[in-house]
Amino acid sequence: MAAARTEFKRGSRRRGAGSRFRAVGRALRLPVTGTARRIRRATHAHGAGESGLGKLIELHGVNGAGDVMITVALASTVFFSVPTDEARGRVALYLAITMAPFTLLAPVIGPLLDRLPHGRRAAMATAMGARAVLALVLSGAVVTGGIELYPAALGVLVASKAYGVVRSAVVPRLLPPRVSLVKANSRVTLCGLLATGVAAPIGAGLQQVGPRWPLYGAFVIFVAGTVLSFTLPRKVDSARGEGRALLAADEEHLPGPLRKRGKRPGLRTVGPAVTHALAANAAIRCLTGFLIFFLAFLLRVHPMTGQSAAVSLGIVGVAAGAGNALGTAVGAWLRSRAPEVIIVTVVATVLGAAVVATVFFSAFLVACLAAVAGFAQALAKLSLDALIQRDVPEQVRTSAFARSETLLQVSWVLGGAVGIVLPLNGTLGLSVAAAIIAAGWLTTVRGLLDSARHGGRTRPRVA
């Protein structure tokens, strides 16, 4: 009897120790698992979990985190690690070797996707996997300074933009019944922004360990993204009912036997409101690309009073990111109310901010301009999404998203090229910024307001 009691006590002590270890393990896992559950509830809300949109939202977060890791590594290597004069030459070389070929390749992405409608999941996985491999290539190049840095960076850029085009084409296939297209895009974009905000300081911390480590982090993230791409629903690869969109404001240019001979048709079948909105968005994208590169060098030479160049750039970057997040949130709230008027208003607002920053040039106004530009870019893009939803037939909507996204990416590249070659004079640079946005506003305001007065095309809403 005594032996039995002794054995029972030993077993109780073993079970008690095991219970304590399990309790400690649960306590350590709780922050991670609890956060994961909350993220999953947010991304899968309002039917997004059942439709598959929730998985796309999470995939876009992974994409944003991986891209910012590579951005941190390349910025530290090409921009921050050398004196200003040398940095400008290196960034110019970087743009010449990467951006110029991309400008030629980007227009091919949309038409190529039209020919591969059944392989969208594979295309997204390929874009993720390619960047994982290229991150490893870059991890060696950032240390040795080898020439392979530039073609690898070009590959990362092309793969990133290809993913963005495919993602835009996929969203309409995954809409829940009670979620509009503009709201779905705002949720996807907001998740990417949040993931970028979380990953950026992590990448900066890894950079302090060594220049390779952010790229190792990017490799792990993109491998995860490759796997997640194949978890999207199979309907992503379905092309049933789709056609090929060709954008042009001239409604007389129609496909098939109604096409007029002797005229070169543009992007047809989408209507004048969409093409005017696309032109306005292209002007805003061109402006943001210009500001990124121009301000990067301007603030390095002339940082904010009492701040270092890195802190000055960080302040402007945070302002732009906050404006972008606010624009995304406002877009989700406004949904599709008068999208033409919204675009005209936000473009006029950023034009006013650019003019004020030019006339009363100061570091504070530069940060305000970056915030307003980020806000305008997000809200104008969501309004463009709403117009595509309203005016473009469902049969060609996916293709229209792919091609419009390609044009916007090319506009960003062109703006960046202007920013890198311009002299580092604040007033001159902001005058150019104001001219870019003024050209976009003046050429589109009349067409957008006319479309708003006439209500656009009346098509049944499907989202």
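## Helix packing and ring contacts

Helix H7, which covers residues 181–209, packs against helix H12, which covers residues 363–391, at an angle of about 145°, and their axes are 8 Å apart. Those two values are given together because two packed helices are described by the angle between their axes and the distance between the axes. The model is a predicted one, and the crossing in which H7 passes H12 is right-handed.

Which residues of H7 and H12 meet each other? On the side of H7 they are Leu 181, Val 182, Asn 185 and Ser 186, and on the side of H12 they are Leu 382, Asp 385, Ala 386 and Gln 389. Sorted by class, the contact of H7 with H12 contains four nonpolar residues, three polar residues and one charged residue.

Is Ser 186 buried or exposed? Ser 186 counts as buried, because its relative accessibility is 2% and buried means under 20%. When residues up to four places away in sequence are left out, Ser 186 touches Thr 328, Ala 332 and Leu 382.

The aromatic rings give a second topic. A search of the whole structure finds three aromatic pairs, and two of them are set out in the table below.

| Pair | Centre to centre | Angle between planes | Arrangement |
|---|---|---|---|
| Trp 213 and Tyr 216 | 5.4 Å | 90° | edge-to-face |
| Phe 290 and Phe 294 | 5.3 Å | 10° | stacked |

Both Trp 213 and Tyr 216 lie in helix H8, which covers residues 213–229, and they are three residues apart, about one turn of the helix. Trp 213 has a relative accessible area of 42%, and therefore counts as partly exposed; Tyr 216, at 30% relative accessibility, also counts as partly exposed. The rings of Phe 290 and Phe 294 form a stacked pair because their planes are at 10°, and planes under 30 degrees apart count as stacked. Phe 290 and Phe 294 both lie in helix H9, which covers residues 272–301, where they are four residues apart, about one turn of the helix. Phe 290 and Phe 294 are both buried.

A further ring takes part in a contact with a charge. The charged end of Lys 161 sits over the ring of Trp 412, at 5.5 Å from the centre of that ring.

Methods: Residues are numbered from 1 along each chain as its sequence is written. This is a predicted model: local features need pLDDT of at least 70, side-chain atom pairs count only at pLDDT 80 or more; totals for chains, interfaces and linings use all residues. Side-chain values use heavy atoms; hydrogens and water are left out. Rings of Phe, Tyr and Trp (its six-membered ring) pair if their centres lie within 6.5 Å; planes under 30 degrees apart count as stacked, over 60 as edge-to-face and the rest as tilted. Helices (H or I, at least four residues) and strands (E, at least two) are DSSP runs, numbered from the N terminus. Buried means under 20% relative accessible area, exposed over 50%, partly exposed in between (1.4 Å probe, protein chains only). A charge sits over a ring if NZ of Lys or CZ of Arg is within 6 Å of the ring centre and within 35 degrees of the ring normal. Axes are lines fitted to C-alpha atoms, for helices over the stretch in contact, and angles run from 0 to 180 degrees between N-to-C directions. A crossing is left-handed if the near helix is turned anticlockwise from the far one by less than a right angle, and right-handed if clockwise. Contact means heavy atoms within 4.5 Å. Ala, Val, Leu, Ile, Met, Phe, Trp, Tyr, Cys and Pro count as nonpolar, Asp, Glu, Lys and Arg as charged, and the others, Gly among them, as polar.
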